[in-house]
Amino acid sequence: MKQYLTIIAAALVLASCSGNQPKADDPLADSGRTQRTENMLTNLKQLGDSGVYLFGHQDDAVSGVGWSGNENRSDVERVCNDYPALVGFDLGGIEKGDSVNSDGVPFSRIREEAIRHFDQGGMVTISWTITGQMNQKEQIDPVADFLNTLETPYGVKVPVVLRLRKNQTKELWHMVVDRLKEKEVTNALYAYSADANPEADEAKYMANYPGDDIIDIMGIDCYCIAADADSLQIAGFAELLDKNLTMVGSVAKKHQKAVAVTETGYKCIAYKYWWTKILSPVLAKHPISYALVWRNANQGIDDYYAPFPGQRTYSDFVRYYNENITLFLHDINGLYLHK
């Protein structure tokens, strides 16, 4: 039976958002970020030390196999009767003034779902796939404006983890974070990630690292690329992820940062026991705070990274869900409270 973990044994009491009731307190920490954002960082670090991690799914509430845009719908929930603890969204295209991201998801829906997930106690990560040349700080303003509108009706800013996805440089990181501070964004942590490399080379990983004063979380992106269930590439993925997490864990410890698998997954998941025999044994060995699998697209049945009813790994994912080291939405409480 699933054993639930309470991160912090306390209940979060929020002021009513109806009528003329006073709004909830949302104080700033000494860092200039909201106290809830700082508390989230502290608790992510403690998760990594405790041997459990948040399971995440990109676009979980806005896209699935054969559907999109449905409120309160989730392929993950349809399988295990629970939602991911972490949901991810991407802002690619917002810098151009688009109303939808590069996957066709309206930014208004992303805002609604981010607030909804926070209200349920979950965590939100925001990636930004920059779709053009970034050379003026004003191009960052739409991101700042979006983050500043992630506010509940009772006046609390939603803490998020922001990650630059692809084409990142040290200079870009500094330009982005400096501009967000100028625009008074107080609810963001920053995650640095890079693609896993065969040598697990620290120098390659750190090539675009902007510095400890910018980054809060160090992560790795690692996908399983296998043509079929019997491919040796599945075993190769496990080895690649293991080597790179060993390296990132060591680097993060030296820099006193939280560790995460910022992107992972196996497209169409051909191997029946991929969750419990491939992914989970590797993640169990490392002090990660969360792991995010990529999105389930709605265009067809050949572009997904999480199971859905009838998918070949349905039963194995339920076993993965019931492992004591995986945290889903029902397993977490007090992620934004001070211990």
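Here are legends for a set of views of one predicted protein model. Residues are numbered from 1 along each chain as its sequence is written, and side-chain values use heavy atoms, with hydrogens and water left out. Because the model is predicted, local features need pLDDT of at least 70 and side-chain atom pairs count only at pLDDT 80 or more, while totals for chains, interfaces and linings use all residues.

View 1. Helices (H or I, at least four residues) and strands (E, at least two) are DSSP runs, numbered from the N terminus. The C-alpha trace spans about 60 × 45 × 40 Å along its principal axes. Of the 339 residues, 57% are buried; buried means under 20% relative accessible area, exposed over 50%, and partly exposed in between (1.4 Å probe, protein chains only).

**View 2. A salt bridge between Asp59 and Arg295.** A salt bridge puts a side-chain nitrogen of Lys or Arg within 4 Å of a carboxyl oxygen of Asp or Glu, and by this rule the count comes to 21. For Asp59 and Arg295, the N to O distance is 2.6 Å. This pair ties together distant parts of the chain, 236 residues apart: Asp59 sits in the loop between strands E1 (53–58) and E2 (63–64), and Arg295 in the loop between strand E10 (290–293) and helix H9 (314–321). Are these two buried or exposed? Both Asp59 and Arg295 are buried.

**View 3. Lys96 and Asp98 paired in a salt bridge.** Here the closest N and O atoms are 3.9 Å apart. Lys96 counts as exposed because its relative accessible area is 56%. Asp98, at 33%, is partly exposed.

View 4. Glu182 is partly exposed at 46%, whereas Arg179 is buried at 12%.

**View 5. Helix H8 crossing H9.** The axes of H8 (residues 274–283) and H9 come within 8 Å and cross at roughly 30°. (Axes are lines fitted to C-alpha atoms, for helices over the stretch in contact, and angles run from 0 to 180 degrees between N-to-C directions.) Which residues touch, with contact meaning heavy atoms within 4.5 Å? On the H8 side they include Trp274, Trp275 and Leu279, and on the H9 side Phe317 and Tyr320 are among them.

Methods:
Contact = heavy atoms within 4.5 Å.
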